[in-house]
Amino acid sequence: MIGALGLIVAIPVVIRHRQQIDIAVVRRLVIGSLLGVPVGIALMTYVPTTIVLRTLAGFFNPL
């Protein structure tokens, strides 16, 4: 539901500012998402929760 609302809000903004959109950057973001989302879901599914949480804690609370 939130994703659909975000898409509805973003469409007029994209149409209004389409001249300023850098297609190369958008392409990299889409490719990264297409690769990263399945990898993230697989990690969340198959890796034990404590390992995932400790790894994320390392990113958010560096030594």
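What follows is a short chat about this model.

Q: Where does this model come from, and how many helices and strands does the protein have?
A: The model is predicted. The protein has 3 helices and 0 strands. Read from the N terminus, the order of elements is α-α-α.

Q: What is the mean pLDDT?
A: The mean pLDDT of the protein is 90, and 97% of the residues reach 70 or more.

Q: Which helix has the lowest confidence, and which the highest?
A: Helix α3, residues 49-60, is lowest with a mean of 88. Helix α2 is highest, at 93.

Q: OK, overall shape. What is the radius of gyration, and what would a compact globule have?
A: The protein has 17 Å. A compact globule of 63 residues would be near 11 Å.

Q: And what box do the C-alpha atoms fill?
A: Along the principal axes, the box is roughly 45 × 30 × 20 Å.

Q: What share of the residues is buried?
A: Of the 63 residues, 2% count as buried.

Q: Which residues make the nonpolar surface patch?
A: The patch is made by V14, I21, I23, V26, V30 and L34. It covers about 510 Å².

Q: Which helix gives the most to it?
A: Helix α2, residues 23-46, gives the most, with 4 residues.

Q: And V14, where is that one?
A: V14 sits in helix α1, which spans residues 2-16.

Q: Is V14 buried, exposed or partly exposed, and why?
A: V14 is partly exposed, because its relative accessible area is 43%. Partly exposed covers the range between the buried cut-off, under 20%, and the exposed one, over 50%.

Q: New topic: L5. Where is it, and why does it count as it does?
A: L5 is also a residue of helix α1. L5 counts as exposed because its relative accessibility is 54%.

Q: How far apart are L5 and L56?
A: In sequence, L5 and L56 are 51 residues apart. In space, they are 28 Å apart, C-alpha to C-alpha.

Q: Last one, T45. Where is it, and is it buried or exposed?
A: T45 is in helix α2. T45 counts as exposed, since its relative accessibility is 51%.

Q: How far is T45 from F60?
A: T45 and F60 are 15 residues apart in sequence, and their C-alpha atoms are 21 Å apart in space.

Notes. Residues numbered from 1 in each chain as written. Predicted model: local features only at pLDDT ≥ 70, side-chain atom pairs only at ≥ 80, totals over all residues. Heavy atoms only, no water. Patch = residues over 30% accessible without salt bridge, like charges linked within 9 Å, V, L, I, M, F, W, Y side chains within 5 Å. Areas by Shrake-Rupley, 256 points an atom, 1.4 Å probe, with all protein chains shown as cover. Salt bridge = Lys/Arg side-chain N within 4 Å of Asp/Glu carboxyl O. Helix = DSSP H or I, 4+ residues; strand = E, 2+ residues; numbered from the N terminus. Buried < 20%, exposed > 50% of the residue type's maximum accessible area, 1.4 Å probe, protein only. Rg over C-alpha atoms; globule rule 2.2 N^0.38 Å. pLDDT = per-residue confidence, 0-100.
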